[in-house]
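Trainee: I would like a close look at one part of this model. Please take me through it step by step, then widen the view.

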Amino acid sequence: MTKQFTVAIIGGGIGGLTLAAGLLKRNIPVTIYEAAPLFQEVGLGLSIGPAAHRALPLIEPALRRIYDSLITTHADSPGFERFRETWCEVVTPDDQVLMELKARPSGQTTVRRADFLDALVALIPPERAEFGKRLVRLVEGDEGVRLEFEDGTTAHADVVIGCDGIRSTVKRFVLSEEEHARATPRYSGMYGYRTVLDMPDMVAAVGEHRARVTTLYLGKGVYGVSYPIARAQQANVGLYVLRKEWEGEEWVRPAGKEDLRRDFAHLGGFVQGLVDHMPDSQQWAIFEHPSISTYARSRVAILGDAAHASTPHMGAGAGQAIEDAHVLVELLGDPRVMRARDVVAAFKAYDAVRRPRSQRVVTSSKEQADLLCLCLDGVGADEDKLRGAFEERLRWLWDGDVVGEVERDPVMLGFSSRQDERLELARTLGATHTVTTAAVADRGQSLADVVREVTGVWAPR
Ligand SMILES: Cc1cc2nc3c(=O)[nH]c(=O)nc-3n(C[C@H](O)[C@H](O)[C@H](O)COP(=O)(O)OP(=O)(O)OC[C@H]3O[C@@H](n4cnc5c(N)ncnc54)[C@H](O)[C@@H]3O)c2cc1C
């Protein structure tokens with residue numbers, strides 16, 4: 001049956017386009033309003049972890065086909081096929097390999113962000129997107145939501161989903177004025193240098209093995225990351241520095257070789273090689289999003305960086321937007337959600353299942369920076385503790401699978417009435433990898449508690 005509501009998506013980044021593709025697949029009428037004159041992304045690398053990778057085909061099978069057709073893996077470098085399931089190797093400041101971290105089954109997969117976005121755009125019929133539409137205000141009335149744009153035009157939708165990034169305008173509508181004032185993005189205490197090197201330059205910088213295998217370079221107060229992209233014809237490089245203060249309003253500022261050399265002077269030969277080969281570079285302040293109390297209000301919700309922009313230290317920001325999109329398309333596509341008022345209930349369920357995990361990514365990603373900079377409380381530079389911490393901190397992000405939990409032991413749900421319906425819902429939500437066992441443990445609740453809580457807010461009136 002045709003849905004009796006329309007959806008406006010504000011912002012066409014990875015989150016907005018993924019969501020749109022999934023909603024269109026479920027025949028839900030969607031219009032994307034994008035502030036820029038066209039969909040666009042910068043050309044740097046993007047890697048998506050196993051949980052988001054698993055979510056892609058559940059949103060729309062074409063998404064996974066697209067992603068997989070664009071990926072670079074370690075196996076793109078002849079002779080390095082044995083690293084197919086490897087996420088990265090972790091290297092100490094004196095250039096010793098501390099550990100190899102596996103992320104089965106896909107290992108490290110990266111795409112050029114711009115290539116992925118271009119391919120996503122091809123899934124969206126042109127009449128579903130309007131450009132040059134910078135949202136400035138939302139007004140909710142009995143008949144839905146009025147969208148007001150900077151160019152003086154307006155539009156109408158029954159429900160709105162803000163995918164408008166870390167400086168979200170839609171967030172302003174979702175939060176109270178006081179909370180919004182507290183929820184502006186904040187400097188995370190770290191800045192970085194980023195570049196893409198052609199593979200011959202990368203090999204000259206760090207040697208064949210380091211150039212071909214994704215690497216985390218540990219250092220006191222600093223760290224680095226490099227991974228092959230573009231079918232191993234290039235490598236993405238990021239070098240990050242802990243620094244409490246960031247002066248000025250700009251998020252990016254010019255920097256020179258002498259800044260790079262000063263920041264990384266105490267690291268080993270690999271990082272010195274990277275510094276030598278990096279062009280004079282800009283410093284990028286890394287911002288993050290303080291936790292907020294809700295991702296939805298009435299007929300309006302927020303997704304991706306608009307809700308929970310994270311530092312990049314776990315490579316999980318876009319993956320979290322993808323997981324958000326998966327939950328929303330499952331909920332809005334559910335046959336019990338037919339009218340806008342059903343969507344209000346679905347948005348509450350979305351908020352209940354997505355907020356704990358995505359906010360944990362934000363805090364965990366920041367701690368990950370401390371881990372990489374050898375200053376995480378209780379771990380420091382202790383090699384045994386470092387090994388344990390890497391495994392533990394990434395497993396919950398990658399491996400959570402409540403579907404498996406539920407299938408193995410449905411009795412643990414412990415429902416005596418409507419169990420089939422609740423189980424089905426748990427499976428639907430679980431398939432999103434959002435109610436992970438780790439997220440459950442984090443809240444100090446049992447899986448049954450969480451599912452009960454979710455189903456409690458779920459039932460459409
Ligand atoms: C250095 C760095 C490295 C990263 N590496 C990774 C990685 O390896 N893996 C990973 O998963 N994540 C990574 N991330 C995070 C990832 O880039 C983001 O989490 C992700 O791109 C967020 O997508 P989004 O669609 O929510 O927002 P965005 O990509 O910011 O898209 C927002 C869109 O909304 C539009 N917009 C904004 N305001 C309005 C308005 N008022 N009206 C209409 N349109 C509007 C914008 O033009 C834009 O198109 C990294 C981030 C950084 C900074």
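Which residue in β9 stands opposite Arg 137?

Mentor: Glu 148 in β9 stands opposite Arg 137. Keep in mind that this model is predicted. Start with the strands around that pair. β8 and β9 (residues 144-149) run antiparallel, and 6 bridges join them. They belong to an open sheet of 3 strands. Its order is β8-β9-β10, and the pairing is antiparallel. β8 (135-141) and β10 (154-157) are the edge strands, each pairing on one side only. Neighbouring strands of this sheet are turned by 20° against each other on average, direction ignored.

In general, strands of a sheet pair through backbone hydrogen bonds, parallel or antiparallel. Strand β13 (residues 215-219) is joined to β14 by 5 antiparallel bridges. Here Thr 215 has Ser 226 of β14 as its bridge partner. The hairpin of these two strands has 2 residues between them, and Gly 221 takes a positive phi near 80°. β14 also pairs with β15 (residues 234-242), again antiparallel, over 8 bridges. In that pairing Val 225 stands opposite Gly 238 in β15. The hairpin of β14 and β15 has 4 residues between the strands, with Ala 230 at a positive phi near 50°.

Now look at cover. β14 (residues 222-229) has 8 of its 8 residues buried. Val 222, Gly 224, Ser 226 and Pro 228 point one way from the strand. Tyr 223, Val 225, Tyr 227 and Ile 229 point the other way. Both sets are buried.

Next, the core. Nonpolar side chains tend to be buried together in soluble globular proteins. The largest nonpolar core in this model has 119 residues. Val 160, Leu 303 and Tyr 350 have the most contacts inside it. Helix α13 (residues 340-372) gives the most to this core, with 13 residues. Leaving aside neighbours within four places in sequence, Tyr 350 is in contact with Tyr 295, Ala 296, Ala 301, Val 327, Leu 328 and Leu 331.

How values were computed. Residues numbered from 1 in each chain as written. Predicted model: local features only at pLDDT ≥ 70, side-chain atom pairs only at ≥ 80, totals over all residues. Core = buried A, V, L, I, M, F, W, Y, C linked by C-beta atoms within 7 Å. Buried ≥ 20, exposed ≤ 12 C-beta atoms within 10 Å, placed from the backbone. Contact = placed C-beta atoms within 7 Å. Pairing = 2+ DSSP bridges. Axes fitted to C-alpha atoms, helices over the stretch in contact; angles between N-to-C directions.
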